[in-house]
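Here are a few friendly notes to read alongside the model. Keep the 3D view open and look for each residue as you go.

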Amino acid sequence: MGQLPGFTGPEVALDPVQLIGPDGAPTTENRYSRDLPEETLCWLYELMVLTRELDTEFVNLQRQGELGLYASCRGQEAAQIGAAAGLRKTDWLFPQYRELGVFVTRGIPPWHVASAWRGTWNGGLEFTAKCCAPISVPIGTQALHAVGAAMAAQRLDEDSVTVAFVGDGATSEGDVHEALNFAAVFATPCVFYVQNNQWAISVPLRKQTAAPSLAHKAIGYGMPGIRVDGNDPLACYAVMAEAAERARSGGGPSLIEAVTYRLGPHTTSDDPTRYRSGAELEHWAALDPIPRYRTYLRNLGVWSQRLEDRVAARAKRVRTELRDATVGAADADIDEVFTAVYADITPELQQQREALRAELARER
Ligand SMILES: Cc1ncc(C[n+]2csc(CCOP(=O)(O)OP(=O)(O)O)c2C)c(N)n1
Ligand SMILES: [Mg+2]
């Protein structure tokens with residue numbers, strides 16, 4: 001890649017970091033360790049299966065009219081779980097909206113996520129109990145929040161790191177540019193984690209950027225850029241853990257591009273067969289992170305039928321809990337839209353509140 005004369009910033013490798021090959025065999029990559037305790041290896045597997053199962057339940061619940069909308073993370077489990085697991089529980093997460101794997105890893109109850117998809121005004125204020133911001137539907141805005149929170153941590157002398165989860169499409173937003181630039185200039189403890197799932201609704205990656213990769217954008221901001229195989233949980237874990245430690249120890253922000261694929265539609269309102277080919281889907285379905293990781297664990301002698309049965313039983317239980325808590329749940333209190341803005345409601349908001357109440361009463 002051509003660089004400006006005198007440029008002394010980091011080079012970005014186009015080849016993604018990969019610790020487990022598509023066939024489930026360990027690769028020759030030796031800059032990162034795949035040496036995690038057996039318990040952690042099994043935990044990652046459990047989270048991936050659990051997320052896949054819950055994701056299916058979320059789609060079902062939407063189809064049955066219990067959720068307004070849902071954005072499936074099918075295919076992105078390794079990218080999300082690997083990354084979230086590589087962090088401390090006190091590191092603050094700033095998700096977009098497709099991050100079920102991140103929420104599950106953090107221990108956010110799935111019904112809190114369901115409540116957000118039923119249209120609560122706040123998109124998941126309960127997530128904050130687990131150091132995770134609510135879902136962000138306005139694309140890229142969460143990147144600014146992540147940098148602001150990182151600057152706050154810096155000033156308070158805390159050693160927590162923030163992570164902005166953004167999509168490939170979000171990298172075209174002005175907000176994300178501003179966030180990256182601020183983060184680099186002020187050396188904030190923030191990691192930008194781009195899940196490049198190849199699509200932004202119906203816009204393919206090739207129409208999103210003319211850069212060699214999304215990770216290469218890091219060069220322009222003056223921060224390390226790393227591409228990682230987003231369908232390899234151990235690679236995502238290792239790369240995130242490294243970037244978080246760098247940020248924690250004063251080394252500033254990093255931009256990680258996790259190369260993955262959205263196996264499902266953009267949301268339950270989308271029909272991807274209208275804009276992408278069956279051949280493309282087949283190509284990526286063969287790279288599905290779950291069977292790949294299962295093969296890896298089996299070769300390692302860590303996978304067992306007992307593990308599979310235990311994981312399946314837990315998934316079944318949690319699916320039922322999600323369904324029971326969601327079906328027929330009460331609607332959100334619309335009043336909160338107005339009462340939760342300021343300590344004392346302003347006259348303008350009070351007027352709007354009364355207008356809405358009157359309108360709703362007419363509809364009833
Ligand atoms: C500011 C803003 N502009 C446009 C939209 C409409 N929109 C919703 S999702 C989306 C695509 C986002 O793609 P990406 O960042 O790649 O995330 P993905 O959905 O693939 O996970 C767009 C443009 C929005 N929600 N917010
Ligand atoms: Mg995308």
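1. Let's begin with a word you will need: a residue is called buried when its relative accessible area is under 20%. Y296 has 4% relative accessibility, so Y296 counts as buried. Please remember that this is a predicted model.

2. Now for the overall layout. The protein is split into domain 1 (38-331) and domain 2 (333-363). Between the centres of these two domains, taken over C-alpha atoms, there are 34 Å.

3. Next, the aromatic rings. How many aromatic pairs does a search of the whole structure find? The search gives 10. Take F58 and Y70: their planes are at 15 degrees and their ring centres 4.8 Å apart, so this pair is stacked. The two residues come from distant parts of the chain, with F58 in helix α1 (residues 38-63) and Y70 in the loop between α1 and α2 (77-85), 12 residues apart. Both sides of the pair are buried: F58 has a relative accessible area of 0%, and Y70 is at 2%.

4. Back to Y296, which forms a stacked pair with Y293, at 6.3 Å centre to centre and with 15 degrees between the planes. Y293 and Y296 are 3 residues apart in helix α10 (residues 289-300), so about one helical turn separates them. Y293 is buried too, with a relative accessible area of 0%.

Methods. Residues are numbered from 1 along each chain as its sequence is written. Chains are lettered from A and ligands numbered from 1 in the order in which they are written. This is a predicted model: local features need pLDDT of at least 70, side-chain atom pairs count only at pLDDT 80 or more; totals for chains, interfaces and linings use all residues. Side-chain values use heavy atoms; hydrogens and water are left out. Domain bounds come from an automatic or database domain assignment. Rings of Phe, Tyr and Trp (its six-membered ring) pair if their centres lie within 6.5 Å; planes under 30 degrees apart count as stacked, over 60 as edge-to-face and the rest as tilted. Helices (H or I, at least four residues) and strands (E, at least two) are DSSP runs, numbered from the N terminus. Buried means under 20% relative accessible area, exposed over 50%, partly exposed in between (1.4 Å probe, protein chains only).
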